[in-house]
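Hi there,

Here is the structure I promised to pass on to you. Please open it beside this email, and my notes on it follow below.

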Amino acid sequence: DIIMPMPSASDVGSAADIPNGAGKAFDVDGRQIAVFNCDGSFFAIDNECKHQGGPLAEGELAGTVVACPWHQWTFD
């Protein structure tokens, strides 16, 4: 299972739900969180790009850097 600390840990699903090199959005206490599988390590960030609100979980992942699918802003 993927556990995310958010002031407290939240079980968002199974690691098998996110293929290597991909991301998936989860609702955690009313907040959209993008979780990424980077070669078996899992990282989480807000699912909203700070530029224009694009869905980061749908972005292209290169290592630990995700590019927003709308305007290619990158986040690590």
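An open sheet is built from 3 strands, ordered β6-β7-β8, and their pairing is antiparallel. At its edges stand β6 and β8 (74–75); each has a single partner strand, so one side of each is left without a neighbour in the sheet. Before going further, please keep in mind that this is a predicted model.

Strand β7, residues 65–67, pairs with β8 in the antiparallel sense, and 2 bridges hold that pairing.

Strands β3 and β4 run antiparallel and are joined by 6 bridges. Within that pairing, Asp27 has Gln32 in β4 as its bridge partner. The hairpin of β3 and β4 has 2 residues between the strands, and in this hairpin Asp29 takes a positive phi near 55°. On the β5 side, β4 and β5 are also antiparallel, with 6 bridges joining them. Cys38 is found opposite Ser41 in β5.

**The protein as a whole**

What does the secondary structure come to? The protein has 0 helices and 8 strands, and from the N terminus on the elements read β-β-β-β-β-β-β-β. Of the 76 residues in the protein, 34% are buried. Among contacts with a separation of 6 or more, residues 24 or more positions apart account for 17%.

In soluble globular proteins, nonpolar side chains tend to be buried together. In this model, the largest nonpolar core has 9 residues: Ala34, Phe36, Cys38, Cys49, Leu56, Ala57, Leu61, Val66 and Cys68. Strand β4 (residues 31–38) gives the most to this core, namely 3 residues. Apart from it lies another core, of 6 residues, including Val12, Ile18, Ile33 and Val35.

Leaving aside neighbours within four places in sequence, Val66 is in contact with Phe36, Ile45, Leu56, Gly59, Glu60, Leu61, Trp73, Thr74 and Phe75.

Is Asn37 buried or exposed? Asn37 lies in strand β4, and it counts as buried because its relative accessibility is 7%, where the cut-off for buried is under 20%. A polar atom of the Asn37 side chain lies 2.9 Å from the backbone oxygen of Ile18. Beyond neighbours within four places in sequence, the contacts of Asn37 are Ile18, Pro19, Asn20, Gly21, Ala22, Phe42 and Leu61.

Asn47 sits in the loop between β5 and β6 (60–62). With a relative accessible area of 9%, Asn47 is buried too. Which residues does Asn47 contact, leaving aside neighbours within four places in sequence? They are Ala25, Gln32, Ile33, Ala34, Gly54, Pro55, Leu56 and Ala57.

Phe43 has its place in strand β5. At 41% relative accessibility, Phe43 counts as partly exposed, because that class runs between the limits of 20% and 50%. Not counting residues up to four places away in sequence, Phe43 touches Ala34, Val35, Phe36, Cys38 and Thr64. Phe43 and Asp76 are 33 residues apart along the chain, and their C-alpha atoms are separated by 9.4 Å.

That is what I have on this one; happy browsing!

Best wishes

Terms used: Residues numbered from 1 in each chain as written. Predicted model: local features only at pLDDT ≥ 70, side-chain atom pairs only at ≥ 80, totals over all residues. Heavy atoms only, no water. Core = buried A, V, L, I, M, F, W, Y, C linked by side-chain atoms within 4.5 Å. Buried < 20%, exposed > 50% of the residue type's maximum accessible area, 1.4 Å probe, protein only. Helix = DSSP H or I, 4+ residues; strand = E, 2+ residues; numbered from the N terminus. Contact = heavy atoms within 4.5 Å. Pairing = 2+ DSSP bridges. Polar contact = N/O pair within 3.5 Å; in protein donor to acceptor, adjacent residues only side chain to side chain.
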